[in-house]
Amino acid sequence: MATRKGLGTTVFDQAVARLVELYGEGHRLVVSFSAGKDSGVALEVAIIAARLTDRLPVDVIMRDEEIMYPGTFEYAERVAQRPDVRMVWAVANQPILNVYNRASPYFWTFDPTLDSEVWVRRPPDFATRIPHINIDSMTIPERFPPAHGKRLFAVVGMRTSESRARHYRIFATKGYISQPNRHGVANVWPIY
């Protein structure tokens, strides 16, 4: 197993430096936002790095899951209204596991086959419907085209302390940038 290596800096400063480097090279970064703690921290680090490199507003994408803890979507809407954020609030009608019902093991977010009156809530008026239900198709070059000769990165908040698989993912990639997915987009974990 790989060992940890001290970098002579703080975790926060290193996270900002990672994104400053990518922004400084002219790449396009899109924060994958869930309105949770990890993605919230990743967003704030991206805003700081974008401000330092004159790259505001920060691109953000959030896939609406229709049902979340109370206050989550209200917080996400406040984030969407910030002047330093340019958010795509995506509605994908994706399936979500329903572990409490064996007869119906999935529910479909904002199911278009149902009357919207039976949805848990409605998405905000500024939400965008997207045809992709796979989560790795949220940040794609067609939606967020990078500058010519530059790359597109998805900035993802991740706590490796929650999962050994997440921890091993960092070791397998040998750093904070993953291999590109099928869309040519690599994940960036500024803090892990």
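Author: By class, the lining of the largest pocket splits into 16 nonpolar, eleven polar and eight charged residues (Ala, Val, Leu, Ile, Met, Phe, Trp, Tyr, Cys and Pro count as nonpolar, Asp, Glu, Lys and Arg as charged, and the others, Gly among them, as polar). Bear in mind that this is a predicted model, where local features need pLDDT of at least 70, side-chain atom pairs count only at pLDDT 80 or more, and totals for chains, interfaces and linings use all residues. Residues are numbered from 1 along each chain as its sequence is written, and side-chain values use heavy atoms, with hydrogens and water left out.

That lining has 35 residues, with Ser32, Ser34, Glu65, Ile135 and Val156 nearest the pocket's centre. A pocket here is an open set of points on a 1 Å grid over the protein atoms alone, where a 1.4 Å probe fits, with protein on both sides within 12 Å along at least five of seven lines; lining residues have an atom within 4 Å of a point. The volume is about 1100 Å³, taken as the space filled by probe spheres set on the points, which are joined across faces, edges and corners. H2, E2, H3 and H4 each give the lining at least two residues, and H2 has the largest share, three. These labels are DSSP runs numbered from the N terminus: helices (H or I, at least four residues) and strands (E, at least two).

Now the charged pairs. There are eight salt bridges, each a side-chain nitrogen of Lys or Arg within 4 Å of a carboxyl oxygen of Asp or Glu. Asp84 pairs with Arg51 at 3.5 Å, N to O; Asp84 sits in the loop between helix H3 and strand E3, Arg51 in helix H2, 33 residues apart. Asp84 is buried at 11% relative accessible area (buried is under 20%, exposed over 50%, partly exposed in between, with a 1.4 Å probe and protein chains only).

Arg121 and Asp64 form another salt bridge, at 2.8 Å, N to O. Arg121 is in the loop between strands E5 and E6 and Asp64 in the loop between E2 and H3, so this pair ties together parts 57 residues apart in sequence. Both of these residues, Arg121 and Asp64, are buried.
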